[in-house]
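Trainee: I would like to request a close look at one part of this protein chain, with the surrounding context set out as well.

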Amino acid sequence: MDRQFFDEMYDADGVCRPHYRGFANWLENTPQELLAQRRREADLLFHRAGITFTLYGDAQGTERLIPFDIIPRSIPVSEWRGIEAGCIQRVQALNLFLADIYHDQRILKAGIIPPEQVLSNDGYQQVMHGLDLHRDIYAHIAGVDLVRDGDGTYYVLEDNLRTPSGVSYMLEDRKMMMRLFPELFSAQRIAPVDHYPNLLLETLRSSSPLDNPSVVVLTPGRYNSAYFEHAFLAREMGVELVEGADLFVRDERVFMRTTAGARPVDVIYRRLDDAFLDPLAFNPESVLGVPGLLSAYRRGNVVLANAIGTGVADDKSIYPYVTDMIRFYLGEEPILQNVPTWQCRKPQDLSHVLAHLPELVVKETQGSGGYGMLVGPAATKAEIEAFRERLKARPEAYIAQPTLSLSTCPTFVESGIAPRHIDLRPFVLSGRETRLVPGGLTRVALREGSLVVNSSQGGGTKDTWVVED
């Protein structure tokens with residue numbers, strides 16, 4: 001057995017880990033035909049429920065079903081407590097960083113982060129400078145992407161603070177497992193996740209100083225890749241799903257058009273990027289946003305979750321400094337470590353990266369979804385050389401990292417059960433307190449040997465269990 005990867009289910013001697021034993025016994029005693037039947041049933045139910053994502057630029061049609069694997073990713077509760085504490089610590093530091101760079105800029109004056117790297121960053125929004133937000137919270141909803149290296153250590157791969165997606169799949173995967181395999185949940189203690197929509201609504205309401213604020217979810221519309229999630233979360237929270245055309249601004253207040261007349265809106269959980277929020281303030285071509293929204297926001301008459309300008313904190317060129325932020329703002333040592341990162345904007349780092357391209361993963365600082373990256377060990381010579389020229393032309397637009405030995409989890413594939421690489425995205429909610437539901441979204445790279453788990457690149461999802469030791 002190749003042991004360069006940490007196997008979530010089996011230890012180095014091939015012995016099942018304690019927190020997986022209940023599942024392993026069940027799997028051993030369940031006929032393969034029954035499993036195959038349940039997997040087909042899961043696909044059918046996901047199709048019927050419309051649980052899809054949109055794949056842009058796909059010649060076969062845009063609507064895709066995200067593959068769902070019925071072998072869960074299991075985490076013992078003792079291990080989860082460390083993950084939870086690390087994610088809370090990280091998001092608290094990132095919120096303090098955002099409040100600082102839009103006010104006193106202490107971290108820049110202290111020389112910890114080069115000012116030009118923040119102030120000239122595409123995600124930095126000058127219109128936010130000096131604006132006070134309720135509770136000083138900028139990222140009300142964050143997704144922290146974690147990977148596990150060969151020795152079993154968790155690392156933060158990236159932070160998602162703009163419009164993190166995927167929580168609907170976490171919830172639907174759990175619902176599906178409970179429906180198809182109820183006996184698994186009665187046989188062991190698995191922490192629930194179904195209270196996430198209630199926690200999200202509570203977080204959004206607490207983002208406003210008002211006692212009972214009106215909350216809406218703002219979507220770019222049904223052609224957006226995450227539209228299913230926007231509709232799902234609005235429905236689960238019992239709030240309105242709106243598009244830009246459903247809202248208008250009058251006297252620096254935001255209102256929603258309804259059949260009973262205009263209704264005030266106090267909190268907008270927005271699922272579109274800064275550039276499209278307000279055509280009067282940002283991209284004048286945008287038909288997705290609300291004219292005048294920025295003036296209502298700056299006046300304090302509406303809350304945007306997440307805040308405008310959060311993108312500067314999850315830019316991959318800022319990522320290397322998050323551990324420094326934790327020390328600077330919280331006076332604590334980071335619980336979760338970053339992946340070692342070379343910043344190509346630094347000549348010395350660039351030289352190293354250019355010399356070791358076949359071994360490294362290179363990413364665009366503004367990239368997401370697995371696009372615009374080079375996975376050196378999986379790339380052809382021609383791809384490496386083409387990427388080398390892009391790097392030389394715009395070194396400041398890239399970072400590089402070692403190719404991690406992402407942990408594996410047994411997964412149903414065409415040939416049977418085989419190990420496939422996974423990551424984990426817990427969702428962190430910041431309101432009166434900072435909280436997570438136990439688990440998160442586990443994404444799995446279904447192609448053999450692939451380290452890219454994004455759904456846009458052919459990845460699937462698994463239910464994530466936090467189980468009593």
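Which domains does the domain assignment of the protein chain give? Please then examine the contact of helix 13 with helix 14.

Mentor: The model is a predicted one. Its domain assignment gives domain 1, covering 194-305, and domain 2, covering 340-402. Between the C-alpha centres of domain 1 and domain 2 there is a distance of 37 Å.

As for the helix pair, helix 13 comprises residues 347-355 and helix 14 comprises residues 381-393; their axes come within 11 Å and cross at roughly 175°. Because angles over 145 degrees count as roughly antiparallel, helix 13 is roughly antiparallel to helix 14. Helix 13 contributes Leu-350, Val-353 and Leu-354 to the contact, while helix 14 contributes Arg-388, Leu-391 and Lys-392. Of the residues in this contact, four are nonpolar and two are charged, with no polar ones.

Two further sites complete the context. Asp-274 is placed in the loop between strand 11 (267-270) and helix 10 (293-298). The relative accessible area of Asp-274 is 13%, so this residue is buried. Leaving aside residues up to four places away in sequence, Asp-274 touches Gln-125, Phe-282, Ile-308 and Gly-309.

The cysteines remain to be considered. The count of disulfides is zero. Cys-16 is in no disulfide, the nearest cysteine sulfur being that of Cys-409, 11 Å away. A disulfide requires sulfur atoms within 2.5 Å, so the 11 Å from the sulfur of Cys-409 to that of Cys-16 is too far for a bond. Cys-16 counts as buried at 15% relative accessibility, and Cys-409 is buried with a relative accessible area of 0%.

Methods
Residues numbered from 1 in each chain as written. Predicted model: local features only at pLDDT ≥ 70, side-chain atom pairs only at ≥ 80, totals over all residues. Heavy atoms only, no water. Domains from an automatic or database assignment. Axes fitted to C-alpha atoms, helices over the stretch in contact; angles between N-to-C directions. Helix = DSSP H or I, 4+ residues; strand = E, 2+ residues; numbered from the N terminus. Parallel < 35°, antiparallel > 145°, perpendicular 65-115°, else oblique. Contact = heavy atoms within 4.5 Å. Nonpolar A, V, L, I, M, F, W, Y, C, P; charged D, E, K, R; others polar. Buried < 20%, exposed > 50% of the residue type's maximum accessible area, 1.4 Å probe, protein only.
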